[in-house]
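Hello,

Here is the structure I promised to pass on to you. Please have a look at it first, and then read my notes below.

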Amino acid sequence: WGDTGDGGDDVGDTVHERVEAGIEHLQAAARELIAAARAVLDAAEEVVEDPETARGLAGVAETVAGFVRSVVPPRRSGPAGADATNDTEEGGGSSVQRIDIS
């Protein structure tokens, strides 16, 4: 890596060290991704093997979805599917104003 043969290329050594450090970080990240994938597959296997677990997860998902529906207002579409919600004009109190550019 950049060694010119004069025996003292500090810049080349620094670059080489950085490249090695980068490779080590990428390897660590890859190991973490593999571990995460294994955890997801283990959970999926548990759901397949135990239908009661699947029912429990479905119940949790339904509860979360109900909470989200109660907190997030429904979207209304205007012309050409654009989001026509403008809470400022409707007195909704939002500081966001949507402007149609078409």
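Let me begin with Glu52, which counts as exposed because its relative accessibility is 51%, and the cut-off for exposed is over 50%. Please keep in mind that this is a predicted model. Arg55 also counts as exposed, with a relative accessibility of 54%.

What do the side chains of Arg55 and Glu52 form where they meet? They form a salt bridge, with 2.9 Å from N to O. Side chains of opposite charge can pair when their charged atoms come close. Both Arg55 and Glu52 belong to helix H2, where three residues, or about one turn of the helix, separate them. The structure has one salt bridge in total.

Now to the helices. You will find two of them in the protein, and zero strands. Helix H1 covers residues 10-49 and helix H2 covers residues 51-71. Two packed helices are described by the angle between their axes and the distance between the axes. For H1 and H2, the angle is about 110° and the axes are 5 Å apart, so H1 is roughly perpendicular to H2.

Which residues make this contact? On the H1 side they are Glu46, Val47 and Glu49, while H2 brings in Pro51, Thr53, Ala54 and Leu57. Sorted by class, the contact comprises four nonpolar residues, one polar residue and two charged residues.

Finally, a few values for the protein as a whole. It has 102 residues, and 4% of them count as buried. Its accessible surface is about 8700 Å², with 58% belonging to carbon and sulfur atoms. Of the contacts between residues at least 6 apart in sequence, 0% link residues at least 24 apart.

Enjoy exploring it!

Best wishes

Methods: Residues numbered from 1 in each chain as written. Predicted model: local features only at pLDDT ≥ 70, side-chain atom pairs only at ≥ 80, totals over all residues. Heavy atoms only, no water. Helix = DSSP H or I, 4+ residues; strand = E, 2+ residues; numbered from the N terminus. Buried < 20%, exposed > 50% of the residue type's maximum accessible area, 1.4 Å probe, protein only. Contact = heavy atoms within 4.5 Å. Areas by Shrake-Rupley, 256 points an atom, 1.4 Å probe, with all protein chains shown as cover. Axes fitted to C-alpha atoms, helices over the stretch in contact; angles between N-to-C directions. Parallel < 35°, antiparallel > 145°, perpendicular 65-115°, else oblique. Nonpolar A, V, L, I, M, F, W, Y, C, P; charged D, E, K, R; others polar. Salt bridge = Lys/Arg side-chain N within 4 Å of Asp/Glu carboxyl O.
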